[in-house]
Every structure is written in structure tokens, then in C-alpha cells.
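Student: I should like to learn how to read the features of a structure such as this one. May we go through them one at a time?

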Amino acid sequence: MELTAKLGMDSATQPSEFQDESARRHSDDNVIRLPSTGFSSSDERFDHFVKRDGLTFAGTHLIIDLWGASRLDDIEHIETALKKCVTEAGATLLHIHLHHFSPNGGVSGVAVLAESHISVHTWPECDYAAFDVFMCGDAQPHKAIDVLKAAFDPERVNVGDHRRGMVV
């Protein structure tokens, strides 16, 4: 059985039923045009929006796939790696919750951050792990990539980099 069949889909694809109809019609740059809110970007509600390269957006969302990875059934190791990701990215940890599945030993969970979250889902039987790293404000989510590489020693890493909540 092919690995993609075991997982149910290729991690680089997304079934069309998960795509929003408006996203299919307007897939130019995933910019959401906000109605007038009555307050300026200097207001407190925008404090944690990122301003970079002339753009303002809610945060950076990294979709990280680790292939050929190890220690994906070791819940303590995964918790330690998540905590190191938070520290290296300069984020603020609020809570971690991880769940160990049987019989394959997979782990799913989330580190809830003041700046958003890091989630993890592992398939040790396939040597595959899926991480989402979403952070706003001054946090540096890209620093989590090297932490994950060091912690799980993957053969291959795929990273999707998305700017969420683009303001125009």
C-alpha cells in the first residue's frame, strides 16, 4: 500500500470539498478586504498584527510536513520539542495538551500561545508528522523549523508559508 493511501491523501493536495467557494473564484492573493472598522491601525486592536514589507497581516502560518522522521511516538520528546519551538520563536506558552493514541503510538496535540498556536499530528507507522505553526506579533515562527529538524531528524521537510488576515 502506498504511503499516501495509508494517510488518506497526499499532504501537498487538498480535496476540493475543503476549499471555500469564494476562494476558488478569487484565489489571486488570499486578501480579505475588511469593511471600515472605525479605528486606525494604531489602535490597540491591531497591536499584534504584523507589519512587514509594506504589508499588514494577522500572522504567519507555517504548514510543516516531516517525512522520514523519528521519535514520533515519544510524547515527552514531542512536548520538549514544542517548548523549544516556543522559546526559539520568542512566543509565550499558555498551555500544552498532547494525546497519545493506541495502538500506533501517534500523538496529536496543541501548544496554545499568547501569539496563537503550534499543533502536531504524528503517524509513526509512516514516519510522518504534520505541524502547524501560527504566530502573530513579534514572534518568529520560522525559527521553529530548525528546532523540528533537530528534534525529529527527518529525511525531507516540506514547508508552506501563509500570511493570514491580510489587511488592504
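**A residue and its neighbours**

Tutor: Let us begin with one residue and its surroundings. Leaving aside residues up to four places away in sequence, Leu148 touches Ile64, Leu66, Cys85, Phe131, Asp153 and Pro154. Please keep in mind throughout that this is a predicted model.

Student: In which element is Leu148 found?

Tutor: Leu148 belongs to helix 4, which covers residues 143-152.

Student: How far apart are Leu148 and Ile64 in sequence and in space?

Tutor: In sequence, 84 residues separate Leu148 from Ile64, while their C-alpha atoms are 9.2 Å apart in space.

Student: Is Leu148 buried or exposed?

Tutor: A residue counts as buried if its relative accessible area is under 20%. For Leu148 the value is 0%, so Leu148 is buried.

**Confidence**

Student: What is the mean pLDDT of the protein?

Tutor: The predictor's confidence in each residue is given as pLDDT, from 0 to 100. The mean pLDDT of this protein is 80, and 72% of its residues reach 70 or more.

Student: Where does pLDDT stay under 50?

Tutor: Residues 1-28 form one such stretch, with 18 contacts beyond four places in sequence in the model. Residues 30-43 form another, and there the model has 12 contacts beyond four places in sequence. Where pLDDT is low, the predicted coordinates should not be read in detail.

**Aromatic rings**

Student: How many aromatic pairs are there?

Tutor: Two aromatic rings are paired if their centres lie within 6.5 Å. By this rule there are 3 aromatic pairs. One of them joins Trp67 and Tyr128, with 4.3 Å from centre to centre and 40° between the planes, and this pair is tilted. The pair links distant parts of the chain, since Trp67 lies in strand 3 (residues 59-67) and Tyr128 in strand 7 (residues 128-136), 61 residues apart. Trp67 and Tyr128 are both buried.

Another tilted pair is formed by Trp123 and Tyr128, at 5.2 Å centre to centre and with 35° between the planes. Trp67, Trp123 and Tyr128 make up one aromatic cluster.

Student: Why does Tyr128 count as buried, and why does Trp123 count as partly exposed?

Tutor: The relative accessibility of Tyr128 is 5%, and therefore Tyr128 counts as buried. Trp123 has 28% relative accessibility, so Trp123 counts as partly exposed.

Student: Which residue has its charged end over the ring of Phe134?

Tutor: That residue is Arg164, whose charged end sits over the Phe134 ring at 5.4 Å from the ring centre.

**Backbone features**

Student: What should one look for in the backbone?

Tutor: Most residues other than glycine have a negative phi, and most peptide bonds are trans. In this model, the peptide bond from Ser102 to Pro103 is cis, with omega near 5°. Pro103 is placed in the loop between strand 4 (93-100) and strand 5 (107-113).

Student: What is the phi of Ser116, and where is Ser116 found?

Tutor: Ser116 has a phi near 145°, a positive value in a residue other than glycine. Ser116 is part of strand 6 (residues 116-123). With a relative accessible area of 22%, Ser116 is partly exposed.

Student: What is the phi of Asp153?

Tutor: The phi of Asp153 is near 45°, a positive value in a residue other than glycine. Asp153 lies in the loop between helix 4 and strand 8 (156-164). Its relative accessibility is 57%, so Asp153 counts as exposed. Asp153 is also one of the residues that Leu148 touches.

Notes: Residues are numbered from 1 along each chain as its sequence is written. This is a predicted model: local features need pLDDT of at least 70, side-chain atom pairs count only at pLDDT 80 or more; totals for chains, interfaces and linings use all residues. Side-chain values use heavy atoms; hydrogens and water are left out. Rings of Phe, Tyr and Trp (its six-membered ring) pair if their centres lie within 6.5 Å; planes under 30 degrees apart count as stacked, over 60 as edge-to-face and the rest as tilted. Helices (H or I, at least four residues) and strands (E, at least two) are DSSP runs, numbered from the N terminus. Buried means under 20% relative accessible area, exposed over 50%, partly exposed in between (1.4 Å probe, protein chains only). A charge sits over a ring if NZ of Lys or CZ of Arg is within 6 Å of the ring centre and within 35 degrees of the ring normal. Contact means heavy atoms within 4.5 Å.
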